[in-house]
Amino acid sequence: MRAIILSVLLVSCYALPKHERKFPDDFLFGTATASYQIEGGWNADGKGENIWDRMTHTRPEVIRDLSNGDEAADSYNNYKRDVEMMRELGLDAYRFSLSWARILPNGIANEVNKPGVEFYNNYINEMLKYNITPMVTLYHWDLPQKLQDLGGFTSPLFPEWFEDYARVVFDSFGDRVKHWITFNEPREICYEGYGSTTKAPILNATDVGIYLCAKHLVLGHARAYHAYDKDFRASQGGTCGITISVNWFGPLTDSDEDHLAAEIRRQAEWGLYAEPIFSEEGGFPKELSDKVAQNSKEQGYPRSRMPEFTEDEKEFIRGASDFFGVNHYTAYLISGDEQYKTWYPKPSLYDDADVGSYTPPEWPQSASVWLKQAPNSIYNALTHISEKYNYPLIYITENGWSSHPDSGLEDDDRITYYRAALNNVLDTIEAGVNLKGYMAWSLMDNFEWMEGFLERFGLYHVDFESAEKVRTPRKSAFVYKEIIRSRMIDPNYEPPSRTMWIDEGH
Ligand code: NOJ
């Protein structure tokens, strides 16, 4: 039956010339940001310290330009301007995250910081005034420092702390927020934060950090999901999901070896978090866990470095998500051939996976080393997870392109990237993927983690030197606005002027 529906869809849509294809009326167009990257106000009005405050203040040299998020774009004070920009763009939705330590200064739910709650109430209410749907992430990397001191995501108590926090959040904002995302990018939280030194808390426990974190993160997600399902959904009527970074990892050649290598790499990148929640079997992905178990034995560990879930835990986690949030930026071609492999610490995730990767030099390069414009990568990634996990509801919760700080407002490379990505979104919808929204990263320039302010992802440029953190639309903002307005991608659209206005009715 699905095959028939698919082929009807394919025939009817491919009949249209590419530039006449339309996005469905109920498709949500938005932009995304995250608390630490935009808010500033790092110690304002009772906010507690988080792991990014601690790391940037005590180890400033780990950030490329020695900067931090103390002020960032100062959205704490500029939130009305943020919403004005959303109105200028004509957004349907806006994805942002809550700073856990702004709401619960110590992370624990014994003490709620009222001004923190009020800030988010103001932000949300301002959006709703103009019909902009808030999509709220509970955790985008800024763990309260107190919880990190107690072990953070490596502690078996983490799932409990997270549920307690989630309950405070649902209770405070759930009357108005209907789209909840528990975690943003588990891989970046667990591998980069605990298994290496590329994100706070730079724990660098390469052998077990990522695996312990993965288990507790997934359990924490499931606890928050079930709390919502049981105690909030009936009265609030919203949905709760998770956002995983799903870049595309395809085989370099058609050999069986490369196909297997690509599968193992996908398990290492996103399968660790997606498989327990979205697969029918539950638990961590098989090929990767077998490899970790085998390596652990050879390395003299008394048990596998990757913990297991009990049968009850598997059952509790399986299916615990109303949608699959996808952050997607790029692609890599994966090979089992030795010549593509590079050195990784032993033991570590990538040593366990033991595969190589390649990106063709002709793929256009952004200002970020890891971000190249890869053909068809949204289609490849989303059709893959759709088939694998039985066509879940998907939102693209991030997609975007970086430029250098001095590259100005005429960002034609970003426009090329967005147009290609959004055409690929249409291909993906036509292929039968249940994709209902797209959030561009980012509404505005912000603190790009270890890269500080040296990589800019904004549709709006931010002048971080100015006291008001002045925001100015780039050319891409005008192009995105026109795509949202017309629900089509006109490859030749040129903004008639560089003045932003707010459309009637928005
Ligand atoms: C994904 C992360 O969620 C976001 O915080 C980051 O800024 C973008 N990728 C760009 O690197």
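The ligand sits in the largest pocket of this predicted model. On a 1 Å grid over the protein atoms alone, a pocket is an open set of points with protein on both sides within 12 Å along at least five of seven lines. A molecule sits in a pocket if more than half of its atoms lie within 2 Å of the pocket's grid points.

Because the model is predicted, local features need pLDDT of at least 70 and side-chain atom pairs count only at pLDDT 80 or more, while totals for chains, interfaces and linings use all residues. Residues are numbered from 1 along each chain as its sequence is written, and side-chain values use heavy atoms, with hydrogens and water left out.

**Around the ligand**

There are 13 residues around the ligand, and Gln-37, His-140, Asn-184, Glu-398 and Glu-448 come nearest. The shell consists of 6 nonpolar, 4 polar and 3 charged residues. In this grouping Asp, Glu, Lys and Arg are charged, Ala, Val, Leu, Ile, Met, Phe, Trp, Tyr, Cys and Pro are nonpolar, and the others, Gly among them, are polar.

| Side chain | Ligand atom and distance |
|---|---|
| Gln-37, polar atom | oxygen, 2.8 Å |
| His-140, N or O atom | oxygen, 2.8 Å |
| Glu-398, polar atom | oxygen, 2.7 Å |

Taken alone, the ligand exposes 290 Å², and the protein buries 95% of that. These areas come from the Shrake-Rupley method with a 1.4 Å probe.

**Salt bridges**

Side chains of opposite charge can pair when their charged atoms come close. A salt bridge here is a side-chain nitrogen of Lys or Arg within 4 Å of a carboxyl oxygen of Asp or Glu. The count comes to 47 salt bridges. One of them joins Glu-430 and Arg-21, at 3.1 Å from N to O. Glu-430 lies in helix H17 and Arg-21 in the loop between helix H1 and strand E1, so the pair ties together parts that are 409 residues apart in sequence. Helices (at least four residues) and strands (at least two) are DSSP runs, numbered from the N terminus.

**Backbone exceptions**

Most residues other than glycine have a negative phi, and most peptide bonds are trans. The bond from Ala-200 to Pro-201 is cis, with omega near 10°; Pro-201 is in the loop between helices H9 and H10. The bond from Trp-441 to Ser-442 is also cis, with omega near 15°, and Ser-442 lies in the loop between strands E11 and E12. Asp-45 is not a glycine but has a positive phi of about 50°. Asp-45 is found in the loop between helices H2 and H3.

Notes:
A residue is near a molecule or strand if one of its heavy atoms lies within 4 Å of it. A polar contact is a pair of N or O atoms within 3.5 Å; within protein, one must be able to donate a hydrogen and the other to accept it, and residues adjacent in sequence count only if both atoms are side-chain atoms. On a 1 Å grid over the protein atoms alone, a cavity is a set of points where a 1.4 Å probe fits but cannot get out, and a pocket is an open set with protein on both sides within 12 Å along at least five of seven lines; lining residues have an atom within 4 Å of a point.
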